[in-house]
Amino acid sequence: EHSWPSIQLAESGICQLRSKDLTVNFFANPIGTAGLGNHKHNDMLSFTLSYQGVPIFVDPGSFVYTVNEESRNQFRSTRSHNTVTVGGHEQNRMVGGLLFLLRTDGTPKITEWKSNAEFDLVIAEHDCYNRLDNPAIHRRSLCLCKMTQTILIRDELIGTGTQRLEFNFHIDDMRIEALE
């Protein structure tokens with residue numbers, strides 16, 4: 001049996017955490033292409049999870065590119081990713097009519113990465129919500145415990161005032177078969 005090590009791709013802001021059966025992809029990647037965000041989604045601090053190669057927590061993809069602006073923006077929205085929405089706002093604002101642009105409203109950064117035989121830990125944050133009247137920094141810690149094959153997620157919203165928070169988790173359509 002071959003096992004691949006967990007990795008942090010520091011320049012891209014992407015980490016892959018691995019155990020015997022679980023693979024977690026974690027995204028703390030900035031808006032690319034010189035800040036245009038032409039293919040970027042509002043997926044800062046989002047993750048995907050698969051068990052033995054079967055997707056569990058998923059990224060919705062793009063659906064369409066240019067035919068339907070509303071659908072394209074829905075699929076690249078914060079709510080469509082496994083992350084936190086603050087006050088109903090997008091992490092990075094979209095610009096009507098410009099389907100390949102996201103404003104750079106904040107920057108993500110990985111503040112801690114550890115990987116050993118017992119666990120993988122990534123801690124990252126972004127400041128996209130600092131533009132709000134009640135500003136907030138979103139910090140997420142994700143730990144993959146390799147022996148128990150579990151993941152622990154801790155979200156911290158650091159700021160002042162009151163905001164409505166939405167914790168978004170998207171699960172793949174799975175087939176469940178009865179054992180005979």
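Biologist: Which residue in S10 is the bridge partner of Trp113?

Modeller: In S10, Trp113 has Val122 as its bridge partner. Please keep in mind that this is a predicted model, where local features need pLDDT of at least 70 and side-chain atom pairs count only at pLDDT 80 or more. Residues are numbered from 1 along each chain, and side-chain values use heavy atoms, leaving out hydrogens and water.

Biologist: What makes S9 and S10 a pair of strands?

Modeller: Two strands pair if DSSP finds at least two bridges between them. Seven bridges join S9 to S10 (residues 119-129), so these antiparallel strands pair.

Biologist: Nice! Why do S9 and S12 count as edges?

Modeller: The open sheet has the order S9-S10-S11-S12, with antiparallel pairing. S9 (108-115) and S12 (150-159) each have a single partner strand, so one side of each lacks a neighbour in the sheet.

Biologist: Why is the pair of Phe47 and Phe57 called tilted?

Modeller: Rings of Phe, Tyr and Trp (its six-membered ring) pair if their centres lie within 6.5 Å; planes under 30 degrees apart are stacked, over 60 edge-to-face, and the rest tilted. Here the centres are 5.5 Å apart and the planes stand at 55 degrees, so the pair of Phe47 and Phe57 is tilted.

Biologist: And what makes Phe57 and Phe169 edge-to-face?

Modeller: Their planes are at 65 degrees, with centres 6.0 Å apart, so that name applies.

Definitions and conventions
Helix = DSSP H or I, 4+ residues; strand = E, 2+ residues; numbered from the N terminus.
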